[in-house]
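Look at the model shown here before reading on.

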Amino acid sequence: MSVLTHLLAVLFGMGSWVSINGLWVELPLIVPQVPEGWYLPSYLSVLIQAANVGPLVVTLMHRLRPGVLNEAAVIYGIVAVGAVASFLLAFFWKETVVVAGAPRSLALLVLTFFLAAVDCTSSVTFLPFMMHLQPHFLTSYFIGEGLSGLLPALAALVQGVGLVRCVNSSQSLNHSGHGARRLEARYQPSNFSAEVFFFFLSAMMLVSLAAFLLLDLHPAVARQQPDPRYSAGSRERSRRSRKRPEQRPMMDPFRPQNHKPRSSLGSSSCSQKQLVFIFVVLGWVNALSNTALPSVQSYSCLPYGNGAYHLSAALAAVSNPLAGFVAMFVSIRSLVFLGFLTVLGTGIGSYIMLMAALSPCPLLVNDGAGAAIMVLAWILFIFSLSYVKVIIGVILRDEGHSALVWCGAVVQLGSLLGAVTMFPLVSVYGLFSSGDPCSTSCP
């Protein structure tokens, strides 16, 4: 039954960000068919950040009215909304409405907001729910969270989204009357439609909902719970939670002075300074890995060719759940080690950002070594920072339910700060120039 619970935790975590991740990888197929064109990603970024009102409400409820919020009911609600919104996208994503004299993809934008609200709110509800299970199941949840990005990417790869074919095209005639020829990138037709892809996303949300239902109510899973108080299902938990405060505060003011921690950051042994360090690192790595660097991935990779771009995107997506899998067997909680990985990931991210800023002519642009280094950089960047996020989640799980709520809130705050910083640099000031995957020309 432990294996079943691990599998259910993976499937449950898979529903955390699958909708928005799926929408992003489908953009190359959507953009040519909507009136917003390539301004659509900018609109989606704003909508996703506006959807942080969801986690804000949940966090304030935990802070101001602890024990009142029915966590299981919220999860049922948001996962169901995600499944319905993904299903409706299949029918309405191309529909337009005239707003202020211009056609707009109103249905697409509204449904995207609901999907973003679902995914953002999952950060402050899914993680705290994992307190109801034994600690070792949390790494399975993080594996599932990583799969929420990998599986849509693999589906889009099978679909053929973003695949480019380089064809010869004639330019204007020169003085001698001959036309110059160059390679031009043309997108390949997809193997199946966007409608089918959105049905796939809806099915994944339904699988996540079914997994949560079993985690919440199945008696075999209840035997895996650390506390028999949680074995009677969500209704009993909700009734009892109103009679007592949250399970354990992040810092226990009544902890005896001679308390001996099991490790440098073991169960309930975090000092105030350690918690500040943990949350600062958590916000920083999420700002880098969730929004800042992904916003310039195409700029950093396309100058090295379309193959390097797709390979880096695919292997980076694999690195996320792989980090959770490694953390399941090698869990190093040392603050020094986490700091080292954060510095390492930040350094690699700085190299990626520098190459994106130098686009379309980054270092080693016409050398195969340049493409190999860029692909390896993305793998190491995502793996190192994903491992840091998983270990911090495991540490904060030992600190209690409230710590996991704040963990989710800081994840969203870090992502928000990364998006707010990069949006004007990329979309307003245009500091980055995209390379041509077929004919990048550099001196």
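A crossing of two helices is left-handed if the near helix is turned anticlockwise from the far one by less than a right angle, and right-handed if clockwise. The crossing of H6 and H7 is left-handed. This is a predicted model, in which local features need pLDDT of at least 70 and side-chain atom pairs count only at pLDDT 80 or more, while totals for chains, interfaces and linings use all residues. Residues are numbered from 1 along each chain as its sequence is written, and side-chain values use heavy atoms, with hydrogens and water left out.

**Helix packing**
- The axes (lines fitted to C-alpha atoms, for helices over the stretch in contact, with angles from 0 to 180 degrees between N-to-C directions) of H6 (residues 71-92) and H7 (residues 106-122) come within 9 Å and cross at roughly 155 degrees.
- H6 and H7 are therefore roughly antiparallel (an angle over 145 degrees) to each other.
- In the contact (heavy atoms within 4.5 Å), residues of H6 including Ile 78, Val 81 and Phe 92 meet residues of H7 including Leu 111, Phe 114 and Val 118.

**Aromatic rings**
- The whole structure holds 16 aromatic pairs (rings of Phe, Tyr and Trp, its six-membered ring, with centres within 6.5 Å).
- One of them, Phe 197 with Phe 198, is edge-to-face (planes over 60 degrees apart), at 6.3 Å centre to centre and 70 degrees between the planes.
- Both Phe 197 and Phe 198 are buried (under 20% relative accessible area, with a 1.4 Å probe and protein chains only).

**Whole chain**
- Of the 443 residues of the protein chain, 50% count as buried.

Terms used
Helices (H or I, at least four residues) and strands (E, at least two) are DSSP runs, numbered from the N terminus. Angles under 35 degrees count as roughly parallel, over 145 as roughly antiparallel, 65 to 115 as roughly perpendicular and the rest as oblique. Rings of Phe, Tyr and Trp (its six-membered ring) pair if their centres lie within 6.5 Å; planes under 30 degrees apart count as stacked, over 60 as edge-to-face and the rest as tilted.
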